[in-house]
Number of protein chains: 2
Amino acid sequence: MTILDGKKISNDIKDEIAEEVKKMKLNGEKAPHLAAVIVGNDGASLTYVGSKVRACERVGFESTLVQLPNTCSEVELMDTIDELNANDDIDGFIIQLPLPPQINTEKVLLAVDPKKDVDGFHPMNFGKMALDMSTFIPATPFGILELFDRYGVETKGKHTVVIGRSHIVGRPMSILMGRKGFPGNSTVTLTHSHTKNISEITRQADIIITALGVPKFLKADMVKEGVVVIDVGITRVPDSTKTKGYYITGDVDFETVSKKASYITPVPGGVGPMTIAMLLKNTLLARDMHS
Amino acid sequence: MTILDGKKISNDIKDEIAEEVKKMKLNGEKAPHLAAVIVGNDGASLTYVGSKVRACERVGFESTLVQLPNTCSEVELMDTIDELNANDDIDGFIIQLPLPPQINTEKVLLAVDPKKDVDGFHPMNFGKMALDMSTFIPATPFGILELFDRYGVETKGKHTVVIGRSHIVGRPMSILMGRKGFPGNSTVTLTHSHTKNISEITRQADIIITALGVPKFLKADMVKEGVVVIDVGITRVPDSTKTKGYYITGDVDFETVSKKASYITPVPGGVGPMTIAMLLKNTLLARDMHS
């Protein structure tokens, strides 16, 4: 059994990006510049945005954090987006979700210039991805593809079962695994809340990608020997014995499932760290597109 | 066993659309206007475009056929598209595929204004579809959804197996059947040329949608009792005993599979006629969006 070490791989990727940025600067070129917009003071959102800004510093990117109050109107946010779209110094930007209820998220995401949409959430980019055109791939799915690539996990002709049909993980992952090329060429089954007899389906899977958010949902009796398991679930389980008052767990009962798996991601330290690394990668791609 | 009678349903839809157009005209409103662009003299393409124009006449739409020579340059075609985009009298238009080799199809499809893209081939519309936003659904998949709807075929919690991953049928169909709502909420498996043991998968299917183009590929021993079968394959098989020199057949061995099926589409007269009816429906939607 091999651990797909997202922490290590994401560090490798950051080192590679830092190296590229160093060369750019030596050539007198401008470093890539990522901006992040956050509305309100949600603790988790501030943590995520904070790690993105720190990741930029680590690889030598410029970064800009735009903080708007929780009471911010849709018009104010749209004005901010217009400015970021028009600002030639900024290569890509993200809007940290969720947004407060007075703001229409769909409308906001549609306002982002697709050429600066490094989260890959704009329908234009999502459509290009689904139609096999080159574009930004959403960071979490992109990170999973990168893990398959770096560890040489065969996907062609394998049966991949995706659990959960969210717009940011399950849906794009199900599309990407069935595309031509590597990683891809899998037979893909997308399962969700209406799926019956899910164990019967997961037991047929060569590769399982779960993004459900139900702690320890996937048990050993639901998988076959040699399965590849990618755990995208991240749940905080209250635990008074921990300093933070909780511990982090994934969708997979790691202790038992790992004994049958050929490859498996841990939680934390698996898919999570890959997401930020791939956001940086998308920003680098955005800069290349603009320069 | 019930035949999903695409010929009848498509006629019903055309009657309904004709009724709506009649009311529009009585109200002094402009009828919907569809334009079709064809490059070259390919026989099949001319036949398809001809049926689209005739369908417009039947329901009272205005139609415009733009015919360009086979030697037409990419720039000339792009100019035509710009004119159609700018022409307020035209609600929607299609570019008949395939295009001659001197023309980059991807570039051309990207030039169509998404608001007039009644084929639903533009990545912007494809992405909206995949992200559950309201938009044009490509005509063939839209026609299949309509058949499920009109015959009340349950799709929720069913295992739908899609055979073939083309951009115009298999890929969008696999996305649509897994979306929320009806028709949708299926567990969806997308299979293709790299799929191993396809019979094992099709035998588990409650619903099979095949768009492969291999005559009589799906045999009775590949399906379970009570299966719903949608045959999108249309192949011309040479046959000197026929006046036209060929006969039309689908991907399904209809004679044997129909004995096990609960619902099945015939070829011809199943999905085929639905495609044009749904193109008209998309044009009506386009007009409503513009008015």
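Colleague: Which helix holds D288(B)?

Modeller: D288(B) sits in helix α10 of chain B, residues 271–290. Keep in mind that this is a predicted model.

Colleague: Is D288(B) buried or exposed?

Modeller: Count the neighbours. D288(B) has 11 other C-beta atoms within 10 Å, so it is exposed.

Colleague: What separates the C-alpha atoms of D288(B) and P32(B)?

Modeller: The distance is 8.8 Å. Along the chain, these two residues are 256 residues apart.

Colleague: Now a helix in chain A. How many residues of α7(A) are buried?

Modeller: Here the cut-off is 20 or more other C-beta atoms within 10 Å. Nine of the nine residues pass, so α7(A) is largely enclosed by the rest of the structure. Among them are R171(A), M173(A), S174(A) and L176(A).

Colleague: Which strands does helix α7 of chain A lie across?

Modeller: In chain A, α7 (residues 170–178) lies across β5, β6 and β7. It also lies across β6 of chain B. The helix runs at about 165 degrees to β6(A).

Colleague: How do I read strand pairing?

Modeller: Strands of a sheet pair through backbone hydrogen bonds, either parallel or antiparallel. Take β6 of chain A, residues 187–191: three bridges join it to β6(B), and the two run antiparallel. T189(A) has T189(B) as its bridge partner.

Colleague: What is the strand order in the sheet of twelve strands?

Modeller: The order is β1(A)-β11(A)-β8(A)-β7(A)-β5(A)-β6(A)-β6(B)-β5(B)-β7(B)-β8(B)-β11(B)-β1(B). The sheet is open and its pairing is mixed.

Colleague: Which strands stand at the edges?

Modeller: β1 of chain A and β1 of chain B do. Each has a single partner strand, so one side of each is left without a neighbour in the sheet. In chain B, two bridges join β1(B) to β11, residues 263–264, and these strands run parallel. There, T2(B) is partnered by Y263(B).

Colleague: How many residues does each chain give to the contact?

Modeller: Chain B gives 27 residues and chain A gives 27 residues. On the side of chain B, the elements giving two or more residues are α5, α7 and β6. α5(B) gives the most, with seven residues. By class, that side has nine nonpolar, twelve polar and six charged residues.

Colleague: Which residues have the most contacts inside the largest nonpolar core?

Modeller: They are I208(A), V229(A), I208(B) and V229(B), in a core of 164 residues. I208(A) touches V161(A), L218(A) and V229(A), among others, leaving aside residues up to four places away in sequence.

Colleague: What domains does the assignment give for chain A?

Modeller: It gives domain 1 (28–113) and domain 2 (139–272). Their centres, taken over C-alpha atoms, are separated by 29 Å.

Colleague: What is the order of the sheet of three strands in chain A?

Modeller: It is β3-β2-β4, an open sheet with parallel pairing. β3 and β4 stand at the edges, each with a single partner strand, so one side of each lacks a neighbour in the sheet. Neighbouring strands are turned by 15 degrees against each other on average, direction ignored. Seven bridges join β2(A) to β3(A). I38(A) stands opposite Q67(A) in β3(A).

Colleague: Which strands of the sheet does helix α3 of chain A touch?

Modeller: α3 (residues 74–86) touches β2, β3 and β4 of chain A. Its direction makes about 165 degrees with that of β3(A). Helix α2 of chain A lies across β2 and β3, running at about 170 degrees to β2(A).

Conventions
Residues numbered from 1 in each chain as written. Chains lettered and ligands numbered in written order. Predicted model: local features only at pLDDT ≥ 70, side-chain atom pairs only at ≥ 80, totals over all residues. Core = buried A, V, L, I, M, F, W, Y, C linked by C-beta atoms within 7 Å. Buried ≥ 20, exposed ≤ 12 C-beta atoms within 10 Å, placed from the backbone. Contact = placed C-beta atoms within 7 Å. Helix = DSSP H or I, 4+ residues; strand = E, 2+ residues; numbered from the N terminus. Nonpolar A, V, L, I, M, F, W, Y, C, P; charged D, E, K, R; others polar. Pairing = 2+ DSSP bridges. Axes fitted to C-alpha atoms, helices over the stretch in contact; angles between N-to-C directions. Domains from an automatic or database assignment.
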